[in-house]
Amino acid sequence: MSDKAHTPTLELKNVSKRFGPVVALRRGQITLMPGSIHALVGENGAGKSTLVKIIAGLYERDSGTFTLEGKPVNFKSTAEAKAAGIAVIYQEPTLFPDLSVTENVFMGRQPTGAIGRIDKAKMRSEVIGLMERLGVDIDPDRPAEGLSIADQQIIEIAKAVSLDAKALIMDEPTAALSGVEVERLFQIARGLRDEGRALMFISHRFDEVFSLCDTVTVMRDGAYIATEETATTSESEIIRQMVGRDVSDLFPKETADIGEVVLEVEGLTSTGNFSDISFSVRSGEIVALAGLVGAGRSEVARAIFGVDGYEQGKVKVGGKNLPKGNPRSAMDAGLALVPEDRRKQGLVMDASVARNAADAIRSKLTKAGLITAKAENKSAQIWARNLEVKTASLDAVAGTLSGGNQQKVVLAKWLAAEPQILIIDEPTRGIDVGTKSEVHRRMSQLAKEGMAILMISSELPEVLGMADRVLVMREGHITAEIPRENASPETVMFAATHSADEVRREGQDK
Ligand SMILES: Nc1ncnc2c1ncn2[C@@H]1O[C@H](COP(=O)(O)OP(=O)(O)OP(=O)(O)O)[C@@H](O)[C@H]1O
Ligand SMILES: [Mg+2]
């Protein structure tokens with residue numbers, strides 16, 4: 001092997017970063033080797049994204065060393081990091097919506113023709129070549145607006161490849177992708193690895209870490225813990241290092257008394273989104289809405305809650321019709337919706353954690369008379385503690401929390417409201433393994449106390465572990481209703497990929 005293969009592409013050691021009194025990173029460390037994919041794992045708030053932002057040139061480290069192919073670097077801006085061959089892909093890329101795919105790839109460095117003008121044809125053909133190389137089919141002339149998150153990430157990757165980036169850093173890229181899109185991203189990542197590039201991948205999903213990555217570094221409380229080869233370590237070993245204790249019993253569902261029907265959905269139809277959706281949820285019951293990403297599950301949830309309208313059908317709560325497109329009356333009727341995109345739809349970024357956590361119960365809190373700040377803080381405290389929200393204080397601005405901790409604040413807010421009917425979209429997405437079981441425990445307990453829960457989840461173990469009944473959706477239709485005792489990875493996946501007729505026929509054959 002040549003020397004180059006032994007020199008790390010990128011190496012950080014003993015890196016620290018604080019924000020005022022908050023120590024985000026105490027002892028960050030990672031070594032990326034060429035031709036290798038390296039996972040970075042750790043609980044919410046462990047310092048992963050902070051380390052990424054230092055690599056990206058977005059933050060300057062307070063102390064520690066950072067070398068690129070053996071040479072010390074000190075980036076003062078993202079432009080410097082980019083120029084040095086570092087590409088960072090965030091969960092939600094920030095393309096220019098009005099510009100074309102080609103223009104986005106070449107943003108900031110248009111090639112010029114002989115007379116110094118932008119050579120559009122050259123740019124376009126290079127993008128076509130890049131897309132071919134990555135094995136994807138994206139029109140180079142279309143605007144970035146309207147592209148799926150998965151496609152937007154691919155464009156960021158194309159940009160990195162065209163700049164011949166040495167290191168490609170991905171911070172939770174799969175959080176908003178469907179299974180097929182994840183597989184496509186992984187294929188591209190493997191291809192880039194085989195070209196000799198160094199890749200870093202952050203995810204809370206261990207199946208992804210183990211299927212994609214060669215090595216894995218664990219962080220805890222802002223500090224480096226260990227680096228292992230994925231081939232010789234195990235999920236439970238990594239979890240132990242991450243959490244500092246054994247985590248078992250991920251889905252401790254308790255049996256609840258199932259009562260009256262509280263939510264009824266009849267023939268709900270919204271052209272292009274979903275059609276003829278009918279089901280009911282009883283008090284004490286957890287009903288899962290399973291299926292592939294894009295099957296229309298979130299759209300159904302939004303229509304029930306009244307964020308979106310629908311053309312036909314009815315939603316009834318406790319036997320009474322709920323007016324269409326009116327979240328206020330849905331809330332008054334005892335409904336709550338915890339949206340999928342919690343950060344965008346559920347959080348006031350520049351308000352305090354306490355304010356955010358108490359948002360859904362503010363009317364309850366003020367009804368009692370005076371209150372506000374104190375009551376707000378008390379309720380926030382209880383729920384923040386339950387869900388282990390990692391924050392310097394409840395007065396901290398929500399926008400400064402780590403991604404997963406922001407998710408927890410939104411969950412806390414809705415769980416505190418104790419609605420009669422809780423619709424919860426991807427309850428544990430972006431949430432670390434230690435808190436996942438806590439979220440499940442709370443849901444289970446709330447059902448036991450009589451809450452009716454409709455849970456949308458793309459994670460099969462979560463669906464199978466939590467649901468009393470599984471409704472499976474595919475392409476806007478419900479294709480199967482499976483009671484807990486018959487729900488298995490096979491039955492759910494079959495229904496998620498077949499029509500209702502095919503599912504019925506398969507059932508009769510058995
Ligand atoms: N700009 C900031 N101001 C104040 N505190 C910050 C800031 N950025 C990060 N922090 C704090 O630093 C800690 C580490 O956050 P970081 O985003 O790196 O975590 P993470 O490992 O990426 O977590 P997650 O899995 O939830 O995304 C958190 O406690 C966070 O609140
Ligand atoms: Mg993060």
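1. Two strands count as paired if DSSP finds at least two bridges between them, and the strand and helix labels are DSSP runs numbered from the N terminus (helices: H or I, at least four residues; strands: E, at least two).

2. Before going on, a word on the model: it is predicted, so local features need pLDDT of at least 70 and side-chain atom pairs count only at pLDDT 80 or more, while totals for chains, interfaces and linings use all residues. Residues are numbered from 1 along each chain as its sequence is written, chains are lettered from A and ligands numbered from 1 in the order in which they are written, and side-chain values use heavy atoms, with hydrogens and water left out.

3. S8 has another partner to look at: S7 and S8 pair in the parallel sense over five bridges. Here Asp171 stands opposite Ile202 in S8. To get from S7 to S8 the chain passes through H7, and this β-α-β crossover is right-handed (with the strands pointing away from the viewer, the path from the first strand over the helix to the second runs clockwise).

4. Is S8 (residues 198-202) mostly covered or mostly open? It is mostly covered, with five of its five residues buried (buried means under 20% relative accessible area, exposed over 50%, partly exposed in between, using a 1.4 Å probe and protein chains only). Ala198, Met200 and Ile202 are buried on one side, and Leu199 and Phe201 on the other.

5. Next, find helix H6 (residues 149-162) and helix H7 (residues 179-194), which pack at an angle of about 10 degrees with their axes 11 Å apart. The two helices are therefore roughly parallel (angles under 35 degrees count as roughly parallel, over 145 as roughly antiparallel, 65 to 115 as roughly perpendicular and the rest as oblique). Axes are lines fitted to C-alpha atoms, for helices over the stretch in contact, and angles run from 0 to 180 degrees between N-to-C directions.

6. Which residues make the contact of H6 with H7? Among them are Ile154, Ile157 and Val161 of H6 and Leu185, Ile188 and Leu192 of H7 (contact means heavy atoms within 4.5 Å). By class, this contact has seven nonpolar, one polar and three charged residues (Ala, Val, Leu, Ile, Met, Phe, Trp, Tyr, Cys and Pro count as nonpolar, Asp, Glu, Lys and Arg as charged, and the others, Gly among them, as polar).

7. Glu69, in the loop between strand S4 (63-68) and strand S5 (71-72), has a positive phi of about 45 degrees although it is not a glycine. Its 28% relative accessibility makes Glu69 partly exposed. Asp164, in the loop between H6 and strand S7 (167-171), has a positive phi near 55 degrees and is also not a glycine. At 53% relative accessibility, Asp164 counts as exposed.

8. Finally, turn to the open sheet of six strands, ordered S16-S17-S18-S13-S19-S20 with mixed pairing. Strand S16 (335-338) and strand S20 (477-483) stand at the edges with a single partner strand each, so one side of each has no neighbour in the sheet. Within the sheet, strand S13 (residues 286-291) and strand S19 (residues 469-474) run parallel, joined by five bridges, and Gly291 stands opposite Met473 in S19. Helix H17 (residues 433-448) lies across S13, S17 and S18, at about 150 degrees to S18.
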